[in-house]
Amino acid sequence: MSAPQKKTIGRSLLVTSVAALSSLALTAPVALAAPSPSPSSPSPRSASPSGASSRSASPSASPSVTPPAKMSTVGGARLGLAGTQVNLASGVPVLPKDITARSWIVTDAESGDVLASHNAHWRLPPASTMKMLFADTVLPKFAKTEKHKVVPSDLAGIGAGSSMVGIKEGETYTVHDLWLGVFLRSGNDAVHVLSAMNKGVAKTVAEMNEHAEELQALDTHVVSPDGYDAPGQVSSAYDLTLFARSGLQKKDFREYCSTVTAKFPGATTKNKKGKTVRKPFEIQNTNRLLSGDYDIAQYQGIAGVKNGNTTNAGATFTGVAERNGRVLLVTVMNPSKEEHNEVYKETAKLFDWGFKAAGKVEPVGELVPPKGAQSSTQPGTSGEAGGGSGGSDGSGDSGASAKPVASATAGGGAGGVWTAVAITGGLLVLLAAGAFLVNRRWPLPDLVRRRSSRP
């Protein structure tokens, strides 16, 4: 179905209570590529992939200098064109002139409108932004309270120079600990432990590729679940935005990606009295629009999502921010300007433009819904929500309950119909479980920013 046709499709929501959307805020962590950090200092980087898509005839180890003449047209014909796509008109602000990224996209997170883009479907190495797909795929499988004792095989195959949170063999961690390691420190060690819990890297990679296809992220081919550089591993600014938008439907995803600092379990030792102790150490989110840095301030309204940086990928980042009830997603891949925190600076400029242009600029395309949401439930019928995040112990989203809840929830999964929540003041009301006609509009649940997680 074409983008214009989709615009005519209606969407009906069954709401348990009438609620007006109030101030929203989303979040997300960052991933870059650097040496393994010590437990006392957060790693600024996390290793990530390179190569070509599964839809590409001949995967390569590094991307070409120029975008291909023909790219995917998922989301609209203009998104398949090389160069900048934007509908400038009277009253529409001019795009910032100093954006050097190979590829970028500015979208309305809720309506799905693509406000502007540049080589949106160029298949490039994504670095640790691939962890957004990893989390969206694996996070719903384990309750956050579940514990796992790490064995040597769990940490096998981690790439040299990977960012690490500092997981130790023989130590026991909760799933909650592991996800903090993934989101805040972009820990490839945490990704490998969670993959081992999910019956191995190979199975996890296969499931990630399946989920990418379900989300219609057809530029993406996963080789390594942590985003580490690997021949044939690619994604695109468009697909990374789909992953962020899907992940942000999940309560735990939103919470982890918006957390700025947290305590992570250290190694078990004995104190001077011979008593066994296990001291935690602090980890910090490396998303500099969320945490700030000496040359860049926290971005107003930022709520997440994820960054990455490797030799092949350069710097990559997907962020989500809210202002005055408008929620935008921006993805930036590989700025050519070699300045400290350049990927965040260019993202901030595109956010600034997007908030000024939203409601004035005619979209150039759309973010497509998941395949499972294409043929959705008729109004008044009950839909099935896909896997929530973290089971039924209150650690994640419940996809089946239509009762009001005291914390944000949103279920979702491959093949399922997705739930959403409306917010009024501090009250969160769960919409009837996925019973709606899906169009382009896909409301995002509660957004939280600048969290500090303490034990």
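Visitor: Which are the buried residues of α6?
Guide: This is a predicted model, and in it the buried residues of α6 are A237, Y238, D239, L240, T241, L242, F243, A244, R245, S246 and G247.

Visitor: What share of the contacts join residues at least 24 apart?
Guide: The share is 73%, counted among contacts between residues at least 6 apart in sequence.

Visitor: Back to buried helices. How many of the residues of α4 are buried?
Guide: In α4, 9 of the 10 residues are buried, so this helix is largely enclosed by the rest of the structure. The buried ones are N188, D189, A190, V191, H192, V193, L194, S195 and M197.

Visitor: What follows α4?
Guide: K199 follows α4, and its phi is positive, near 70 degrees. For context, most residues other than glycine have a negative phi.

Visitor: At what angle do α3 and α4 pack?
Guide: Helix α3 (residues 175-185) packs on helix α4 (residues 188-197) at about 135 degrees, and their axes are 8 Å apart. That angle makes α3 oblique to α4. The crossing of α3 past α4 is left-handed.

Visitor: Which residues make that contact?
Guide: From α3 they are V175, L178, W179, G181 and V182, and from α4 they are A190, V191, V193, L194 and M197. By class, this contact has 9 nonpolar residues, 1 polar residue and no charged residues.

Visitor: Now α2 and α3: roughly parallel or roughly antiparallel?
Guide: Their axes cross at roughly 160 degrees and come within 11 Å. That makes α2 roughly antiparallel to α3. The crossing of α2 past α3 is left-handed.

Visitor: Which residues meet there?
Guide: K131, F134, A135 and V138 of α2 meet W179, V182 and F183 of α3. The contact of α2 with α3 has 6 nonpolar residues, 1 charged residue and no polar residues.

Visitor: Turning to the largest nonpolar core, which residues touch the most other members?
Guide: Those are I167, W179, F183, Y238, F243, F253 and I283, in a core of 65 residues. The largest share of this core, 7 residues, comes from α3. A second, separate core of 31 residues includes V260, I296, A315 and L350.

Visitor: What is I283 in contact with, leaving aside neighbours within four places in sequence?
Guide: I283 is in contact with V165, L180, G181, L184, R185, V260, T261, A262 and F264. V260 is also included in the second core.

Visitor: New topic. Is N334 buried or exposed?
Guide: N334 is buried, with a relative accessible area of 17%, and buried here means under 20%. N334 lies in strand β11 (residues 326-335). Although N334 is not a glycine, its phi is positive, about 60 degrees.

Visitor: Where is N341 found?
Guide: N341 is in the loop between β11 and α9 (342-357). This residue is also not a glycine, and its phi has a positive value near 60 degrees. N341 counts as buried, at 11% relative accessibility.

Visitor: Last one: is A69 buried or exposed?
Guide: A69 is exposed, with a relative accessible area of 75%. Its place is in the loop between β1 (13-15) and β2 (84-85). The C-alpha atoms of A69 and G80 are separated by 8.8 Å, and the two residues are 11 residues apart along the chain.

Terms used: Residues are numbered from 1 along each chain as its sequence is written. This is a predicted model: local features need pLDDT of at least 70, side-chain atom pairs count only at pLDDT 80 or more; totals for chains, interfaces and linings use all residues. Side-chain values use heavy atoms; hydrogens and water are left out. Axes are lines fitted to C-alpha atoms, for helices over the stretch in contact, and angles run from 0 to 180 degrees between N-to-C directions. Helices (H or I, at least four residues) and strands (E, at least two) are DSSP runs, numbered from the N terminus. Angles under 35 degrees count as roughly parallel, over 145 as roughly antiparallel, 65 to 115 as roughly perpendicular and the rest as oblique. A crossing is left-handed if the near helix is turned anticlockwise from the far one by less than a right angle, and right-handed if clockwise. Contact means heavy atoms within 4.5 Å. Ala, Val, Leu, Ile, Met, Phe, Trp, Tyr, Cys and Pro count as nonpolar, Asp, Glu, Lys and Arg as charged, and the others, Gly among them, as polar. A nonpolar core is a set of buried Ala, Val, Leu, Ile, Met, Phe, Trp, Tyr and Cys residues joined through side-chain atoms within 4.5 Å. Buried means under 20% relative accessible area, exposed over 50%, partly exposed in between (1.4 Å probe, protein chains only).
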